[in-house]
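Subject: Structure handover

Hello,

Here is the structure I said I would pass on. My notes follow below it.

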Protein chains: 4
Amino acid sequence: MAAPQYKQLRRSYGFDEVAIVPGDVTANPDQTNIDFKVKNFTFSIPILAAAMDAVTDVNFTALMSKLGGLAVLNLDGVQTRYDNPQEVLTEIAQAFDAEVTLLLQKVYSQSIKENLIGDRIQAIKKSGAVCAVSVTPANTKRFAPIATEAQADILVVQSTVTSARHISKSYGGLIFPELRQSIPMPIIVGNCVSYGACLELMRTGISGVLVGVGPGAACTTRQVLGVGVPQITATMDCAAARDQYLRESGKYVPIITDGGISNGGDLCKAFVAGADAVMLGSILAQAKEAPGQGYHWGMSHPHPALPRGTRIKVGTTALLEQILFGPTVVTDGSQNLVGALRTAMGTCGVLNIQEMHRVEMIIAPAIATEGKSWQLSAYKSS
Amino acid sequence: MAAPQYKQLRRSYGFDEVAIVPGDVTANPDQTNIDFKVKNFTFSIPILAAAMDAVTDVNFTALMSKLGGLAVLNLDGVQTRYDNPQEVLTEIAQAFDAEVTLLLQKVYSQSIKENLIGDRIQAIKKSGAVCAVSVTPANTKRFAPIATEAQADILVVQSTVTSARHISKSYGGLIFPELRQSIPMPIIVGNCVSYGACLELMRTGISGVLVGVGPGAACTTRQVLGVGVPQITATMDCAAARDQYLRESGKYVPIITDGGISNGGDLCKAFVAGADAVMLGSILAQAKEAPGQGYHWGMSHPHPALPRGTRIKVGTTALLEQILFGPTVVTDGSQNLVGALRTAMGTCGVLNIQEMHRVEMIIAPAIATEGKSWQLSAYKSS
Amino acid sequence: MAAPQYKQLRRSYGFDEVAIVPGDVTANPDQTNIDFKVKNFTFSIPILAAAMDAVTDVNFTALMSKLGGLAVLNLDGVQTRYDNPQEVLTEIAQAFDAEVTLLLQKVYSQSIKENLIGDRIQAIKKSGAVCAVSVTPANTKRFAPIATEAQADILVVQSTVTSARHISKSYGGLIFPELRQSIPMPIIVGNCVSYGACLELMRTGISGVLVGVGPGAACTTRQVLGVGVPQITATMDCAAARDQYLRESGKYVPIITDGGISNGGDLCKAFVAGADAVMLGSILAQAKEAPGQGYHWGMSHPHPALPRGTRIKVGTTALLEQILFGPTVVTDGSQNLVGALRTAMGTCGVLNIQEMHRVEMIIAPAIATEGKSWQLSAYKSS
Amino acid sequence: MAAPQYKQLRRSYGFDEVAIVPGDVTANPDQTNIDFKVKNFTFSIPILAAAMDAVTDVNFTALMSKLGGLAVLNLDGVQTRYDNPQEVLTEIAQAFDAEVTLLLQKVYSQSIKENLIGDRIQAIKKSGAVCAVSVTPANTKRFAPIATEAQADILVVQSTVTSARHISKSYGGLIFPELRQSIPMPIIVGNCVSYGACLELMRTGISGVLVGVGPGAACTTRQVLGVGVPQITATMDCAAARDQYLRESGKYVPIITDGGISNGGDLCKAFVAGADAVMLGSILAQAKEAPGQGYHWGMSHPHPALPRGTRIKVGTTALLEQILFGPTVVTDGSQNLVGALRTAMGTCGVLNIQEMHRVEMIIAPAIATEGKSWQLSAYKSS
């Protein structure tokens, strides 16, 4: 007896399962334009530093701005819980693996000091950098006015999964149209991974969407909750929502692929999948200027009852400038990310990110060549 | 010359190959209802402890009941073969790997003592717990009346593969409609994995179906017999049978996904695949209160001529309460299973298990990200 | 510009990628009939021992016959090149890995002694066993008459790939209809893997077909030549040819899946894929009575210019009877193969091999559960 | 809400994912014709040695020609940068892994000496070999006239990705029709991987196309740029372009699969996928006569800002003649490549390369049998 279909399972794809097809035309990498715009802000590189405590602090934000990108300061992390976050970060970096989750749970149980929110924002503004700060949906009503008063430039409202509609019998959920009216700055919201959720978020009038739930192998959200969508599919679906919203409203709301990008190849694929920008965590945590001191951890790792994530040793491999622009002697794609993006655009014959969205991509599992660890492809020079 | 198709091979899916898609709406985890009903019994958590000797004894049953779930005592195992099963369990735990199969074959060749059946049931009843006991089809006619007399509450008839029709020239097979009439308590039957087999079992009037043949990597049924269906497909097919039976009879017979669940992620996926409850073995064998003393083995392992399965060291990692409800410091999804289920339901915007059945799931191979062992997805907090 | 399709690539499947679906009905394993017929010979178990020097010699043939199966003696191997093959076999078993290919090339460059062909056949006949012998297509014209005279019962003509039509400008190829008329005994031919090749071979009037080119991971034919078809697809395609030939001629010519079977699960799947019997190499080389002394190697390994294959250490794990019929304490499916087949048939509710051909099979990659090495599926007992 | 499809992702295939299906007919390997023609040059084996510094120098070119193939000298490598390239090659071979990229960047920053171009070409011509030299698109206008004057026979214009149209605001790109008119010798261009790019290149009037971008596991182009197409798909798409160009122009322009071939199996599959010849790098770097001294590296490895590739130790395993023609005692497909090709053609019943293009190929993942590392397929002899 044949079973009637109970549920349709659509195939999804992650970074490792696809590859970019070179173009019928080629172009000069130096002539590509990779600007990224959020409302009235324009950044010369489409790269954001994640609102994670091992990546972004005041200094890192200033540096990232100088290099053309945007770092987001986490208002829910150690920077707003501790007058001297450096001490705490060192403690985390020096903890043994076995005790680190307990330590993180303790560190993040310390309450947030509202005065530090203002202090951090002002320090960033003083450096001349664009100041983007992130809050959780639950804290938004409380912290967004403080951030506004301190003259932050961009507000990021971010949790594992964020939707335009939240069902709760006990408290009024966060209503984005309301928030948008009370807060003058552009609002970026995330994370979401599906067409419907992304489209609904855009319809609330926000200015950008973060894409990504549970990508990356060491993120344990998928192991703990079973929830997650690989980033190529998530990005393509949200790009479809962006295009639909553009058709219905005339407004172009950028999407930012956030999470799971571990090398230049992944980054390039995100753009071909439809991203307007990417948000990087672990890859920037490797910068000598990053506050994590060679370590990195997820922001759901410290959850008191259901921790998800793991602290990883990423090392401190290079200056941020070198990670972004090279030159480099590493050949694994972890440095000169901007050079990689421009070179990939050149091989695809495109001159800007929107043309990059139309480039062909194929399904090409990395696993197919695993048995041949010493293969070299023949003669290549750019 | 093109070959005509000899046989259609349908693609099936296991836990590791799928992921749950977050909803367009989100909900508060604390407001979810995860009740599970079998006839007139209602359990506050949809989790059963397997009728395996390393998991369930009298004490574990009482504890599981107190925590809102249901443990099933195996009437075909050491509890009814030995006055003092503790001794035997210790011997198994201390055996060397090389000799354990032979030892198990010896241990389980000891005959079942009918008086112990009554004793165990009465001890469970005395604790106030709901008493569910399991028998094999071959032993059902002999042991079911004893269990009835001892006032067991739920009868589980279970073997590797159980069907409503059994072909035998030598003896009359077990006939479920007959059994159902002679036994007053609800009957749960398993295991089955296909639409047809599940539907036929439901039509015999039984009260629940266990789903799962050969799931999990260390179950060697698939290696020894080639037989097995991955759990996502098996659960979806049996859920389709349940819905069909509901349409034709007006009765809702729950299905219980049994086997292969190794973390919260798998558990959540089982519900999205259509399960009304899950039965757990190895994950509960890790409880400090479990009789297996840190070891676990399958009930077809002791087969005298064709042993299938292996003894595994699972360790004793936490109290049962912590495994079910947390809090925890482990981040691999093996603890706080109920918290994981409620959180996943929240990210999917659903408030009960039947809504969970309608959540979207995608094919998203775990293997896709294997090469990136230190990746972290970006900023997450719940 | 979209590429027009240059070539259709059909998906094929190997043993590890499929699983057998249990039936809606179950049956008693002891009541299954697993007879295998080649023309007027009937064997009580559908298992052949491969014509490989590490598996079959005169004694092994006698034993296999007594147990109900059929062993095939290789007339192109050490048994007909050496008066005392035992010495040579010991030398091979004791060679270092680095020198074994060179040694095999030397051993097999010794020419075949025609008198030994008769001697070996008569020794087998004397034991009362059915005597099947194998020759290569190139040697058939020379050796088949000798085998006939010595009263062999079944002739096997076997090479890596054998077809009914062979293109050669330099010599007249082997013509099967001619051979069939000059040789009175049943002829089994192989190996082939496709519908067309199998159907053409059957139309020449031969009595059985061996199926399998390049299966198994340690066979290096696929690495060296790129040639091969995974066994599930090869068996299904040849089964379709068998059924087509039955429709057009009224004659049922059995197919024998040869190669790549490493456990009971694989063996059961071969039958569901359409096999009438299986030919086993490495799994029988593990028998204490096998001439390989714990080692095994392919018959294209000794090729003087292009060796393909590798010598593997399989160990001597049990008596042949135990490998075929159990009982056993190993749980990896390498022993009690007949018990496994009957049990699988029972779970599928079928009573003979032809019913087994109609059982459902699904695509269920083994890899899906690889990450969970200590999982156990819940309660099972047969 | 179902997502509209943002982008179609076509499935692509690499060498490890396919297998060749033996024919319904077989043929004699010795009677196969494997000639390869580029314009008025005919080579008796369809194998080119890559224009990589670890593979091809003057001596290797002479030897390759004598054996019937064609080696391409890289005019952009050490041979034209150093009077005594041997010294530099030894330095590279002796460098530590950690410092090799930096060393290569330094070695290749030395400028090219135009007089050495003439010297190398004349040395090759003097040996009697066909002289093929390779230049990058950027250097073509400068070096092609020098090569012409020195009487090179074939010009190869090669970079990672080459197209017929190049977008550049700053300089006039290389225009192939122009080049073709100013240069009398046949021009081979690459690399490309798609139907459109290949067809456009052919329409410029060039005489051969190299196929392959980012194949092989140790090529890091895919990791760094995300760009690449597995070789089976790339070859099939370019073969479709060749056939289309033949239909529209009456001219047959051969395609050469370049990169990722690690054994005889891969090589045979390239031809079934549509290749007219193959270009080999690492597999020939293993020859005792290769200049790399047991090491090999990609020509985009030395890139000053964005190095892609890695130096690998390949060892020096055999004489070039043995790698191409055997005999051999290795069974991994790395030696006797011509014997492998002829044998595969025999099992497919084809007598020349164009018939080989019509042979059936199936999708048959190598991974399917990975768990069975000691399997042997049954009896085989050629």
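How many residues does helix α10 of chain D have, and how far does the helix reach from its first C-alpha to its last? Helix α10(D), residues 231-249, has 19 residues and reaches 26 Å, close to the 27 Å expected at 1.5 Å a residue. The expected span is 1.5 Å times one less than the number of residues in the helix. Helices (H or I, at least four residues) and strands (E, at least two) are DSSP runs, numbered from the N terminus.

Before the rest, some conventions. This is a predicted model, in which local features need pLDDT of at least 70 and side-chain atom pairs count only at pLDDT 80 or more, while totals for chains, interfaces and linings use all residues. Residues are numbered from 1 along each chain as its sequence is written, and chains are lettered from A and ligands numbered from 1 in the order in which they are written.

Helix α10 of chain D

A residue is called buried if 20 or more other C-beta atoms lie within 10 Å of its own, exposed if 12 or fewer, and partly exposed in between, with C-beta atoms placed from the backbone. The buried residues of α10(D) include D:Q231, D:I232, D:T233, D:A241, D:R242 and D:Y245. Among the elements of chain D that the buried residues of α10(D) pack against are β11 (187-192), α8 (195-203) and β12 (208-211). Just after the helix, D:G250 takes a positive phi of about 80°.

Residue B:S12

B:S12 lies in the loop between β1 (10-11) and β2 (18-20) of chain B. Is B:S12 buried or exposed? B:S12 is buried, because 24 other C-beta atoms are within 10 Å. Two residues are in contact if their C-beta atoms, placed from the backbone, lie within 7 Å. Leaving out residues up to four places away in sequence, B:S12 touches B:V229, B:P230 and B:T233, and also C:I362, C:I363 and C:A364. B:S12 and B:Q231 are 219 residues apart along the chain, and their C-alpha atoms are separated by 8.7 Å.

How chains A and B meet

The contact takes 62 residues from chain B and 81 residues from chain A. On the side of chain B that touches chain A, the elements giving two or more residues include α8 (195-203), α10 (231-249) and β17 (361-363). By class, this side of chain B has 28 nonpolar, 26 polar and 8 charged residues. Here Ala, Val, Leu, Ile, Met, Phe, Trp, Tyr, Cys and Pro count as nonpolar, Asp, Glu, Lys and Arg as charged, and the others, Gly among them, as polar.

Strands also link the two chains. Two strands pair if DSSP finds at least two bridges between them. Strand β10 of chain A (residues 165-167) and β3(B) run parallel and are joined by 3 bridges, with A:R165 opposite B:V25.

Strands within a chain

In strand β9 of chain B (residues 154-158), 5 of its 5 residues are buried. B:I154, B:V156 and B:Q158 are on one side, and B:L155 and B:V157 are on the other. In a regular strand the side chains alternate between the two faces of the sheet.

Strand β8(B) (residues 132-135) pairs with β9(B) in the parallel sense over 4 bridges, and B:V135 has B:V157 as its bridge partner. β9(B) also pairs in the parallel sense with β11(B) (residues 187-192) over 4 bridges. There, the bridge partner of B:Q158 is B:G190. With helix α6 (residues 137-149), β8(B) and β9(B) make a right-handed β-α-β unit. Right-handed means that, with the strands pointing away from the viewer, the path from the first strand over the helix to the second runs clockwise.

In which order do the 3 strands of the open sheet run? The order is β2(A)-β17(A)-β1(D), and the pairing is mixed. β2(A) and β1(D) are the edge strands, each pairing on one side only. β17(A) and β1(D) run parallel, joined by 2 bridges, and A:I362 stands opposite D:R10.

Regards
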